[in-house]
Amino acid sequence: MYDVIVVGGGGAGMCAALAAREHGAKVLVLERAPQDKRGGNTAFASGTFRMVHHGANDIRKVVPDLTEQDIANTDFGEYTAEQYFDDLGRITQYQSDPELADVLIHQSADTVDWLHKLGVRFLPNYGRQAFKIDGRFKFFGGSVIYANGGGEGLMEAHFKNAERLGIDVRYGARGVALLRGARGVEGVRAEVNGVPEDIRAKAVVLASGGFEANREWRARYLGPGWDMAKVRGTRFNTGDGIRMALDIGAQPYGQWSGCHSCAWERNAGDFGSVETRHNGFRHSYLYGIVVNADGKRFLDEGADFRNFTYAKYGRVILQQPGGYAWQVFDAQAKPLMRDEYKLRGATKVTADTLEDLATRMQDVDKAQFLKTVAEFNGAITREVPFNPNVKDGLRTVGLEPDKSNWATPIETPPFEAYSVGCGITFTFGGVKIDNTGRVLDIEDAPLPGLYAAGEMVGGIFYFNYPGATGLMSSAVFGRLAGRSAAGHANA
Ligand SMILES: Cc1cc2nc3c(=O)[nH]c(=O)nc-3n(C[C@H](O)[C@H](O)[C@H](O)COP(=O)(O)OP(=O)(O)OC[C@H]3O[C@@H](n4cnc5c(N)ncnc54)[C@H](O)[C@@H]3O)c2cc1C
């Protein structure tokens with residue numbers, strides 16, 4: 001018999017499995033996807049982690065390849081626990097559960113160190129989270145490192161460690177219900193390649209993601225129109241673990257009507273694919289303007305660093321007429337635009353004049369678009385110097401909405417426009433856990449033997465999300481849940 005069964009072999013699940021094994025447990029991971037589609041949303045991730053650090057020395061602990069020259073050429077700044085709390089609080093409108101936030105923040109650096117010791121290679125995220133200005137990189141937005149090979153590289157490291165440590169992983173194995181006995185939760189009813197099977201264990205960790213890939217639940221909980229969003233990542237996160245826990249009395253927690261969603265290639269497929277996982281990203285809106293079908297701007301493209309706005313703008317795009325928008329750039333923005341804009345599959349038009357561009361953006365009101373650009377260009381306070389490494393205050397005045405930073409005029413040809421829709425990343429609602437990873441019932445009492453981690457835990461994110469916190473949160477709470485489940489099994 002197994003000590004611990006982990007349902008879901010993504011980032012949270014594999015951290016739980018590895019931590020439980022380290023604490024002496026015999027572990028089985030049930031993964032719904034076939035082996036060639038394993039890794040969950042984690043495998044789709046760019047790989048950025050948001051952790052507390054106090055400058056180059058802390059970064060060097062987890063990036064030992066950092067050279068003296070790198071250090072001399074880089075301002076890593078620092079990211080204190082207080083700054084992390086401030087960002088998480090502000091971004092979530094102060095709804096984030098303080099106890100869970102405390103765990104996430106205070107265990108972030110130690111958990112990255114744990115991953116590093118498990119062989120995950122980290123690198124500084126130059127170019128994405130720091131631009132070179134006057135010969136020096138300066139990190140902004142609170143996130144410095146990413147896992148080599150992105151989320152896919154991270155998951156490869158996890159599976160390699162699982163094999164080395166003797167963790168069993170079964171693919172095509174979908175958890176459907178929790179088994180209960182005198183000790184509480186005592187196993188999982190699974191469908192293994194379609195065949196029902198009861199598998200016993202002393203404790204269970206649920207880590208099967210949110211419900212972002214469940215079209216029906218999206219419409220039911222996120223609201224009308226959400227059935228039409230594109231899923232940026234895995235097709236397998238349909239809320240199974242959440243339902244399994246609710247079925248035995250777990251407390252629904254967090255913002256069930258909220259999710260992480262961003263601008264995404266308008267004609268992308270219904271679900272992501274790991275091979276082309278970057279093609280749909282459209283994150284350079286900070287350096288242009290975004291207009292809707294009426295030819296009007298509708299959001300502040302420069303409200304804050306990308307890390308603090310991108311995850312709420314998918315919803316805003318979905319709410320526009322037709323549920324789409326166009327990101328418009330001129331030649332000045334080109335050097336700053338992320339590489340994904342060059343990848344295949346972009347719905348893109350280019351032109352040497354704004355009139356021609358407007359004609360090619362066939363489903364946008366042309367006259368209004370030209371008026372919007374003229375008004376935008378005329379409202380810029382041009383004497384402020386442009387600097388993408390700081391919130392530069394190069395803004396418009398008198399528009400509704402204004403652009404608060406990085407407001408360079410749209411005036412230098414050639415012009416480019418990219419059509420975007422809403423891509424959903426993960427949902428915010430889930431079950432309630434305590435600060436040891438135990439799933440709680442409606443009276444905040446633990447359900448014995450049941451633990452949860454990752455996207456399916458509610459209460460951490462509301463309304464918006466600070467970039468690079470998903471992987472951090474799945475690692476911190478996965479490791480915690482695995483450790484606690486092993487402790488329960490050994491008791
Ligand atoms: C395109 C994209 C880019 C991203 N980039 C970043 C980034 O750079 N930094 C960052 O911090 N976050 C990023 N994220 C978010 C991050 O990937 C997630 O927040 C995090 O990986 C979630 O981990 P998880 O283990 O909870 O879920 P997952 O990794 O999705 O794992 C859940 C697993 O459960 C399995 N499963 C589902 N149902 C069942 C069932 N019934 N039985 C058994 N198994 C089941 C799934 O197949 C899956 O393998 C990104 C996400 C996407 C989609």
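This is a predicted model: local features need pLDDT of at least 70, side-chain atom pairs count only at pLDDT 80 or more; totals for chains, interfaces and linings use all residues.
Residues are numbered from 1 along each chain as its sequence is written, and side-chain values use heavy atoms, with hydrogens and water left out.

The ligand is surrounded by 39 residues (a heavy atom within 4 Å), the closest being Glu31, Asn41, Thr42, Asp240 and Leu471. By class, this shell holds 12 nonpolar, 21 polar (Gly counted here) and 6 charged (Asp, Glu, Lys and Arg) residues. Polar contacts are pairs of N or O atoms within 3.5 Å. A polar side-chain atom of Asp240 lies 2.7 Å from a ligand nitrogen atom. Ligand oxygen atoms are found 3.0 Å from a side-chain N or O atom of Thr48 and 3.1 Å from a polar backbone atom of Gly470. The protein buries 98% of the 1000 Å² that the ligand exposes when taken alone (Shrake-Rupley method, 1.4 Å probe).

Strand 2 (27-31) is among the elements giving two or more residues to the shell (strands are DSSP E runs of at least two residues). Because 5 of its 5 residues are buried, strand 2 is largely enclosed by the rest of the structure (buried: under 20% relative accessible area, 1.4 Å probe, protein chains only). Val27, Val29 and Glu31 point one way from the strand, and Leu28 and Leu30 the other. Strand 2 runs parallel to strand 1 (residues 2-7), with 4 bridges, and Ile5 stands opposite Leu28. Another 4 bridges join strand 2 in parallel to strand 9 (residues 168-171), where Asp168 is the bridge partner of Leu28.

Terms used: A polar contact is a pair of N or O atoms within 3.5 Å; within protein, one must be able to donate a hydrogen and the other to accept it, and residues adjacent in sequence count only if both atoms are side-chain atoms. Buried means under 20% relative accessible area, exposed over 50%, partly exposed in between (1.4 Å probe, protein chains only). Two strands pair if DSSP finds at least two bridges between them.
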